[in-house]
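Here are a few notes to read with the model open. Have a look at it first, then go through the points below.

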Amino acid sequence: MEMGFWGKLKRPIMAVAPMSGVTDEAFRLMFLKYGKPDIFWTEFVSAEGLFSEGRKFCLKPLKFNPKERPIVAQIFGSNPIDCQKTAGLIAELGFDGIDINMGCPDRNVEKQGSGAALIKDLKLAKEIIRATKKGAPMLPVSVKTRIGYEKNEIEEWIAGLLEENLAALTVHFRTRKELYFSPAHWELAQEIVKLRDKISPETLILGNGDVKTFLQANQLIKETGLDGVLIGRGVVGNPWFFSDKSPNVPELLKAIVEHAEIFDELHKEDMGEDGCYKQFDSIKKHFHAYTKGFRGAKELRDSLMKVKNTAEAKKAIESFLKLSENI
Ligand SMILES: Cc1cc2nc3c(=O)[nH]c(=O)nc-3n(C[C@H](O)[C@H](O)[C@H](O)COP(=O)(O)O)c2cc1C
């Protein structure tokens, strides 16, 4: 089994869960500034898309800075040949590993037979893993999935995946049906660790779902015997998560500006002379996430939602600071 960088990681492993539209390069670079996780994942990319007319668009999430290493590219697909070709491309691009998404409930992803749809087709899931390994024999291959489609299917689904000798397996402790909302079933973690010990003792198991703090992540790892944890929504607006620090308000406001400046730098080719560009609005979800839990946060958030570029965001923050000084 090719373990690659996974074999060199110290445990417990703590990482940011891949989130499409959220964990882009600017977001990841903020964690390099304030507290690096053990691994970065890209947002997922379509294996089919990479070999279609939309290739240029699909390649965008595969940009990374070497400082982010180890970094894993996440793919989704339902055609083993496309996955094999994609794996070759990912190896050429210099990634440290390949992760296959087998848990995404998005209708467009499932419609193609990818993401969570694969939970209903273990045979195809296995073929995809084998083809991906074949496309990049030197890279470790991992899978991120859920505990089942409509119900707990660990005994068949997770055991079946473990038979493929993956370097790592991330389990989001919810079924496809549960989407993101009902509490994650962490009580199943130990059972999955036992299955791993029986079927594929080298495979690292990472748990995922509802982790909110660094302390909680450590406790869950200790209690369950998992090798690590992936944190998704809990790290948005919190690049300090892995350093276990709580920023004060000025530090938080400084981070908003830094995040916007990094985002600008990565989009400078699209930027007009007025500092505006079409992707700018997508940073507002981060502005939203940063502006929580302090006095006046809502007012600041409301003004940040209206800005058109980073210069206006800075002005909104300056006005907020002036107003706060006078209260
Ligand atoms: C906006 C959003 C985008 C996501 N995109 C991906 C993705 O591209 N690949 C993936 O494996 N999971 C994706 N997920 C699922 C997360 O990685 C994670 O499994 C889920 O959010 C549960 O973890 P959490 O409770 O810590 O957020 C996404 C989740 C959200 C909320």
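1. Helices α6 (residues 122-135) and α7 (residues 154-162) are roughly parallel, because their angle of about 20° falls under the cut-off of 35 degrees. Their axes, lines fitted to C-alpha atoms over the stretch in contact, lie 10 Å apart. Helices here are DSSP runs (H or I, at least four residues), strands likewise (E, at least two), numbered from the N terminus.

2. Keep in mind that this is a predicted model, with local features needing pLDDT of at least 70, side-chain atom pairs counting only at pLDDT 80 or more, and totals for chains, interfaces and linings using all residues. Residues are numbered from 1 along each chain as its sequence is written, and side-chain values use heavy atoms, leaving out hydrogens and water.

3. Who touches whom between these two helices? On the α6 side you'll find Leu122, Ala125, Lys126 and Ile129, which meet Glu156, Trp157, Gly160 and Leu161 of α7 (contact means heavy atoms within 4.5 Å).

4. Now α1 (residues 25-34): eight of its ten residues are buried, so the rest of the structure largely encloses this helix. Buried means under 20% relative accessible area, with a 1.4 Å probe and protein chains only. Among the buried ones are Phe27, Leu29, Met30 and Phe31. The buried residues of α1 pack against β1 (13-16), β2 (40-46), β3 (71-76), α10 (249-266) and α11 (284-290). Just after α1, glycine 35 has a positive phi of about 160°.

5. Strand β1 is covered on both faces, with Ile13 and Ala15 buried on one side and Met14 and Val16 on the other.

Methods:
Buried < 20%, exposed > 50% of the residue type's maximum accessible area, 1.4 Å probe, protein only. Axes fitted to C-alpha atoms, helices over the stretch in contact; angles between N-to-C directions. Parallel < 35°, antiparallel > 145°, perpendicular 65-115°, else oblique.
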